[in-house]
Amino acid sequence: MNSFLNTSRPPVFCPGCTHDRITKSLDAALVKLGIPDNKTVIVTDIGCSGLFDTFFNVHALHGVHGRALTYAAGLKLADPSLNVIVTMGDGGMGIGGAHVLAACRKNLDMTLIILNNFNFGMTGGQYSATTPSDAQVGSEFLNQAEIPMDICGVVESAGATYVSRISGHDDGLSDELVSAMQYKGFAVVETLGLCTGRYTKRNQLTPKVIDQMIEQRPSPGGMIARNQRPEYGERYRQLAKEKGKFPEPFVVKKQFDMPDARRHEVVILGSAGMRIVTAGDMVCFAGISGGLNVSIKNDYNITVLRGQSVSEILLSPDTIGYTGIESPTVVLALSDEGVARRQKIFAGLSSDTYVLKEASVAIPDTPAQVEEIDFKAMKIKKTDWALASLAVLASQKRVLNKDMLVFALKSRFNEKVFNLSMETVEKIL
Amino acid sequence: MAFVFMEGNEAVARGAMAAGCNFFAGYPITPATTIFNNMLQMLPPKGGTCIQGEDEIASMGYCIGAAMAGKKVLTATSGPGISLYSEHISFAIGSEIPLVIANVQRLGPSTGSATRGADSDIQFMRWGSTSGAPVIVLAPKDAKDCLELTVHAFNFAEEFRCPVFIASNKEIGMTKESFDMDDLNLPPLVERTPYTGSDPYVPFAADPDKAPPFLPIGGKTLVRQTSSTHGPDGYITIDPQIIADMQQRLHTKLNAAMDRITLYEENMVPDTDTLVISYGLTSRAVTDAAAALAERGRPVSTLSLKTLWPVPESLLLEKAAPFKRIVVIEMNLGQYVNEIKRVLCGKKVDFYGQMNGILIPPAKIMEAIENE
């Protein structure tokens with residue numbers, strides 16, 4: 001193929017605009033590269049650089065300002081065989097800064113061409129992240145209070161594996177684009193150019209001045225030695241391959257007759273680190289093995305190693321509707337923090353409610369039946385109090401029995417943990 | 001009986017896998033994070049891709065790219081994430097990109113309460129995009145629904161090439177429940193229609209009531225995709241007729257299939273004068289309340305909507321017709337009730353809503369029904 005340009009959609013840039021030269025250089029580069037048209041996609045966003053995809057007969061995706069790299073990453077991950085080219089202006093680079101940094105860190109095999117023309121051409125020449133502080137722009141004095149960003153410096157420090165800076169008027173541009181596209185990894189090419197419609201009307205910027213700018217801040221020259229590492233997609237697929245088996249859902253069949261097959265509402269009041277959530281799950285597994293429907297909600301702090309840990313469990317022979325606790329049948333009071341979190345429920349408990357309270361825990365006045373147990377005296381560690389209180393329930397055949405508890409522990413734990421937990425259970429049962 | 005025991009979020013992930021989802025991108029946010037965690041366990045062993053985006057905007061961007069390369073994609077977030085998804089939701093609506101968004105709602109506004117449930121975003125999901133073109137929103141009531149409706153969501157996304165929301169809630173997503181796998185009722189899978197014509201592919205050429213046939217970016221035939229107002233050829237257009245036709249088609253493709261999109265449950269009790277309408281997990285408390293009222297000799301009928309958007313207008317008109325009074329219960333201060341009032345214009349519609357971080361208890365619902 002001798003050109004990928006879309007003859008029915010010729011470029012429409014302002015006379016003298018560097019974008020026009022870059023379009024032709026990109027076409028020449030694609031011809032030199034020799035990749036079929038349907039193996040290349042051009043991804044663009046908003047602004048004059050966002051017109052690029054329409055000028056080429058290749059796959060095209062044009063999206064929202066600054067987000068082109070995110071679509072490009074999705075395409076590349078979905079189809080690693082694609083030659084993915086992203087064009088973005090200094091505007092898109094600014095608004096999509098987080099995506100530029102993430103793309104540098106990831107190192108997917110894509111080419112980002114940043115068409116830096118120092119302003120927002122399409123909306124009236126407002127200042128961008130690369131506008132010099134002394135430039136005359138469409139946003140009055142605002143650029144004077146900021147400094148421009150060094151794109152190459154930023155992407156290099158963010159981990160880009162290939163970085164270069166080149167004038168859009170440089171005869172070597174198409175060759176530079178070829179090496180960027182041939183490079184396996186994330187290649188960033190910053191082109192400097194003229195926005196004749198806006199920027200050069202008020203600023204003395206010429207191809208010669210651009211050459212001087214590049215002399216002052218030379219191109220990093222392509223491959224960045226210190227950033228070299230495997231391409232993201234290949235690394236990702238290699239790591240993903242090492243992932244274990246698909247986690248099938250754990251299926252429990254009814255195998256026991258529940259000693260007390262009625263609706264139960266169980267509340268476990270404890271603290272972080274007391275394995276409250278695990279104990280809650282045990283009650284549920286036990287309930288399911290007894291043919292009951294179950295639901296469980298847990299309430300714990302976002303700082304997971306501190307504060308209350310509360311489990312609320314429903315067990316019912318009927319389908320569970322409302323999943324809130326209305327009238328608890330069993331309350332396990334295992335820490336003051338947990339009790340404080342549900343302080344209000346104690347006064348409203350019924351006289352049938354069974355409260356098991358560890359000796360060190362204080363609870364508000366309640367009409368419920370309260371039994372106190374001194375786990376500490378039994379030399380049971382605090383982390384096992386929740387499990388031990390389930391053993392107490394099993395010993396009374398309340399909510400669950402010993403077979404169900406053992407079944408639950410076996411289902412949830414590996415052999416080592418199971419044996420350890422049985423040591424605790426056997427202190428009670 | 002073969003019971004499984006999982007939270008709603010895991011059920012969404014299992015539904016996605018059952019639907020053939022092979023790409024996920026998301027950003028951690030309570031209470032939706034465990035969907036991401038589950039997908040990260042489930043996708044790699046099946047050869048799928050699961051990515052953590054640098055933010056929510058990027059996550060949706062990855063999904064859009066992957067969907068255009070032919071993948072079946074899922075993302076998951078909560079209200080603050082939906083805010084950030086907004087620009088890409090608009091893109092996916094207007095440019096007909098199939099994707100499924102699980103929104104595990106939490107109490108808003110803004111960052112609100114990360115660990116407190118509410119049906120906060122019922123109108124936001126429908127209207128949180130530019131142009132007013134429609135999306136599909138499905139509301140599960142429990143973990144089993146999460147699994148089933150996610151499969152429906154993928155089917156709808158594929159067929160209609162639009163974003164489909166799962167309107168979950170912290171109280172479903174992070175509540176673990178048992179359900180019988182044998183009771184699962186999964187629909188047969190629907191895949192997006194590939195273009196098979198002999199004429200050159202025109203990416204947005206479609207019947208006036210259908211989504212266009214699909215070809216992936218990266219396939220043999222060149223594909224154009226754009227977020228800008230486009231004609232059938234995928235190029236920007238300013239032709240008023242072409243624009244009008246495209247805009248209309250985005251509405252018509254869903255409206256024409258309303259009957260198939262409409263999912264619901266009902267319990268119509270003979271000789272009752274009140275119909276209680278609800279959705280999501282609130283409908284479970286409504287069921288409890290209705291059972292308790294029936295015992296007291298004050299039976300009511302119930303309608304639980306699973307498809308919230310597009311509003312199932314003919315269903316509402318048909319089901320409400322025999323009743324003197326409609327009571328709407330919502331876990332917010334009144335969002336969907338506005339749609340019901342609009343559709344059942346002239347009917348007596350009463351409302352009870354609550355937004356305090358806790359579930360609406362059946363007793364409150366009974367009170368609302370009894371206080372005429």
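Predicted model: local features only at pLDDT ≥ 70, side-chain atom pairs only at ≥ 80, totals over all residues.
Helix 13 covers residues 402–412, and its buried residues are Met404(A), Leu405(A), Phe407(A), Ala408(A) and Leu409(A).

**Domains of the two chains**

- The domain assignment divides chain A into domain 1 (18–241) and domain 2 (264–428). The C-alpha centres of these two domains of chain A are 59 Å apart.
- Chain B is assigned domain 1 (1–261) and domain 2 (265–370). The centres of domain 1 and domain 2 of chain B, taken over C-alpha atoms, are separated by 27 Å.
- Between the domains of chain B, 28 residues of domain 1 are in contact with 22 residues of domain 2. On the domain 1 side, at least two residues each come from helix 5 (122–127), strand 6 (136–138), strand 7 (163–169), helix 7 (170–173), helix 8 (240–255) and helix 9 (258–261) of chain B.

**Contact between chain A and chain B**

- In the contact between the chains, 54 residues of chain A meet 59 residues of chain B. The elements of chain A that give two or more residues to this side are strand 2 (59–62), helix 2, helix 4 (97–106), strand 8, helix 10 and strand 10 (293–300). Helix 2 of chain A provides the largest share of that side, with eight residues.
- Helix 2 (residues 68–78) of chain A packs on helix 3 (residues 56–68) of chain B at an angle of about 45°, and their axes are 6 Å apart. Helix 2 of chain A is therefore oblique to helix 3 of chain B. The crossing of helix 2 of chain A and helix 3 of chain B is right-handed.
- Among the residues of helix 2 of chain A at this contact are Tyr71(A), Gly74(A) and Leu75(A), while those of helix 3 of chain B include Tyr62(B), Ile64(B) and Met68(B).

**A sheet with strands from both chains**

- Nine strands form an open sheet with mixed pairing, in the order 8(A)-1(B)-8(B)-10(A)-11(A)-9(A)-12(A)-13(A)-14(A). Its edge strands are strand 8 and strand 14 (369–373) of chain A, each of which pairs on one side only. On average, neighbouring strands of this sheet are turned by 20° against each other, direction ignored.
- Strands of a sheet pair through backbone hydrogen bonds, and the pairing is either parallel or antiparallel.
- Strand 8 (residues 251–253) of chain A and strand 1 of chain B run antiparallel and are joined by three bridges. Here Lys253(A) stands opposite Ala2(B).
- Strand 1 of chain B is also joined to strand 8 (residues 176–180) of chain B, by five bridges in an antiparallel arrangement. In this pair, Val4(B) stands opposite Phe179(B).
- Eight bridges link strand 9 (residues 264–271) of chain A to strand 11 (residues 308–316) of chain A, and the two run antiparallel. The bridge partner of Val267(A) in strand 11 of chain A is Glu312(A).

**Helix packing within chain B**

- Helix 10 (residues 282–295) and helix 13 (residues 362–370) of chain B pack at an angle of about 60°, with their axes 8 Å apart. Helix 10 of chain B is therefore oblique to helix 13 of chain B. These two helices of chain B pass each other in a right-handed crossing.
- The contact involves residues of helix 10 of chain B, including Val286(B) and Leu293(B), and residues of helix 13 of chain B, including Ile365(B) and Met366(B).

**Features of the backbone**

- Most residues other than glycine have a negative phi, and most peptide bonds are trans.
- Glu140(A), which is not a glycine, has a positive phi of about 50°. Glu140(A) lies in the loop between strand 4 (110–116) and helix 5 (151–157) of chain A. Glu140(A) counts as exposed because it has 10 C-beta neighbours inside 10 Å.
- Val399(A) is not a glycine either, and its phi is positive at about 70°. Val399(A) is placed in the loop between helix 12 and helix 13 of chain A. Val399(A) counts as buried because it has 27 C-beta neighbours inside 10 Å.
- The peptide bond between Gly108(B) and Pro109(B) is cis, with omega about 0°. Pro109(B) is in the loop between strand 5 (99–105) and helix 5 of chain B.
- A cis peptide bond also runs from Trp309(B) to Pro310(B), with omega near -5°. Pro310(B) is found in the loop between strand 13 (307–309) and helix 11 (313–320) of chain B.

Terms used. Residues numbered from 1 in each chain as written. Chains lettered and ligands numbered in written order. Buried ≥ 20, exposed ≤ 12 C-beta atoms within 10 Å, placed from the backbone. Helix = DSSP H or I, 4+ residues; strand = E, 2+ residues; numbered from the N terminus. Domains from an automatic or database assignment. Pairing = 2+ DSSP bridges. Axes fitted to C-alpha atoms, helices over the stretch in contact; angles between N-to-C directions. Parallel < 35°, antiparallel > 145°, perpendicular 65-115°, else oblique. Left-handed = near helix turned anticlockwise from the far one by under 90°. Contact = placed C-beta atoms within 7 Å.
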